[in-house]
Amino acid sequence: MSLFNADTKLFYFDDAVQNKVSGLNSDDLTFRAFRVSANDNGILTATEADGQVHTFNAAAAGAVVFLSAAGSNEPLAEQAATLWTSAGLTPPPVVNASSGRGAELTRSILSTVNAQLESELQATATEAISLDRQIAVLREEVENLKMQLVKKRLEERFTGTLPILAYENDASGSTVELSNTRSAKQMLPFAGSLIVGLAIQLAQTPDFSNGYLRASLVAREDGKTLCQWQIREKPAHDLIALSIEEPIAHKYRYIDLVLEWMGTDVSAVSLKLAESKGDPEGYLKLSDDTDLSKPLMLKVWTGNSFSHAEMSDWVFQPTAIEELGRALLARPISDSVLASAKVTIEREFNFRLFNIDDSGLMLHPTLHGPSVADFDPKWTRPVNGFSAEIVNPHEEAPKVSFNMVISEEELSGEDVIAVTEGQDIDGAVAAGWKNMIGGTRGAIELHLDKPQQISRCYLLTKVDGDSVSHAHVRFRKLSLLI
């Protein structure tokens, strides 16, 4: 049995104290009593009431009290106290046991022990506060390092490339007016960590002499304002360009664009609206609860970052926009057996793409039917099929279904969906719908009866239920089977 544990320990240095110690009521105080003596070699030993002998060679943990009486062996007590001093600790308090026994002695010991415990509690609380502060500082450092890593990865990934116009909707002919009593917000169609710029289409230029337009990007997760702009001057064109020069952290996936007129005009800003794509989550929401059932006319750029001045050049150069508008992505298929294959996702299909990176492609279903993403594998030889790993990463996501189609010819989005429903279209084959719940992984494969050449591959998702919250599905390791 170890002498030095967390029990309350009473060390006494005079045989005369033993009777007083043994007279303590164990119901009032839990303790272990040791009579301290020196053996023939001068080494201190501590003997318990049951005869067990322990070498006294280290400072004891927990509450410790020295008991002494008239005529006690002071050299032994000093030698014992030196153990605490050598360890950098305050030696235990001394209780005079010669003045009484029983209840009086118990109260004296209890008072001494309580004082030690209170001191230890205060020291522990102080240390806990200090550790909490250190944790807060470390967390801030980690977040800063993450942001630096994100920026570095973005720079590495898009070195030598240009920002991509990844989203642009069609005008509906409708407009909406904002004022100092009517603000608006709309969820953006991409994760915040991907966006490097966006542009808002004006229907009529506001009078900036009476106020200014404030635009903010606000995280839905915690309501934090991630970026904010103040537009105080008349733009050169009917587009207000907003550049994001510092990357937004990956944890902010759902971002609202909030627009407010900070001025005195009753009706100051007129914005163009786009055609509805049947996705209520992307509709413009007004502070007065007016239901427009339409989104803002927006342009969204992803990829490499650019400054506000550079963005103006991008926004107002139609040839550049036309060139970039043909595709959302061009990159090698991740982990594919086809090292030279390229993926090109066409813009005209109805889908919400949340992430494009080396870990896969994220496709988000809607409440109004399957979402479809199309790409050209750039492969001219016959293949035996197509495969992918699937991740439904969010634990709170509803059950989602996924499918894939390959075709010898390019198909419209409607024809792709028709193939998945069993319609016979020459040269087009579907893998069949599979589903999974949130927070799980799976795989899908499409095997052909005989090898065939393919021109297009299609990925599809749809939701089972009345919610699409967190339902983004990641397709990973896209591979042609050859």
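Trainee: How many helices and strands are there in the protein?

Mentor: In this predicted model, the protein contains six helices and 29 strands. Its residues number 482, of which 47% are buried. The protein exposes about 24000 Å², and carbon and sulfur atoms supply 47% of that area.

Trainee: What share of the contacts between residues at least 6 apart in sequence join residues at least 24 apart?

Mentor: That share is 77% in the protein.

Trainee: How should one read the confidence, and which element has the lowest mean pLDDT?

Mentor: Where pLDDT is low, the predicted coordinates should not be read in detail. Here the mean pLDDT of the protein is 76, and 77% of the residues reach 70 or more. Strand 18 (residues 330–332) has the lowest mean among the elements, 28, whereas strand 25 (residues 428–430) has the highest, 94. Over residues 317–358 the pLDDT is below 50, although the model gives this stretch 121 contacts beyond near neighbours in sequence. A further stretch, residues 157–161, stays under 50 and has five contacts beyond four places in sequence.

Trainee: How is a sheet to be read, and what is the strand order in the open sheet of six strands?

Mentor: The strands of a sheet pair through backbone hydrogen bonds, in a parallel or an antiparallel sense. In this open sheet the order is 4-3-2-1-5-6, and the pairing is mixed. Strand 4 (53–55) and strand 6 (94–96) are the edge strands, each pairing on one side only. From one strand to the next, the twist averages 30°.

Trainee: In which sense do strand 3 and strand 4 pair?

Mentor: Strand 3 (residues 44–48) pairs with strand 4 in the antiparallel sense, over three bridges. Thr 45 stands opposite Thr 55 in strand 4.

Trainee: Which strands does helix 2 lie across?

Mentor: Helix 2 (residues 74–86) lies across strand 1 (9–12), strand 2 (32–38), strand 3 and strand 5 (64–68).

Trainee: Let us take a single residue. Is Thr 47 buried or exposed?

Mentor: Thr 47 is found in strand 3. The relative accessible area of Thr 47 is 17%; a residue counts as buried under 20%. Thr 47 is therefore buried.

Trainee: Which residues is Thr 47 in contact with, leaving aside neighbours within four places in sequence?

Mentor: Thr 47 is in contact with Ala 33, Phe 34, Arg 35, Gln 52 and Val 53.

Methods. Residues numbered from 1 in each chain as written. Predicted model: local features only at pLDDT ≥ 70, side-chain atom pairs only at ≥ 80, totals over all residues. Heavy atoms only, no water. Helix = DSSP H or I, 4+ residues; strand = E, 2+ residues; numbered from the N terminus. Buried < 20%, exposed > 50% of the residue type's maximum accessible area, 1.4 Å probe, protein only. Contact = heavy atoms within 4.5 Å. Areas by Shrake-Rupley, 256 points an atom, 1.4 Å probe, with all protein chains shown as cover. Pairing = 2+ DSSP bridges. Axes fitted to C-alpha atoms, helices over the stretch in contact; angles between N-to-C directions. pLDDT = per-residue confidence, 0-100.
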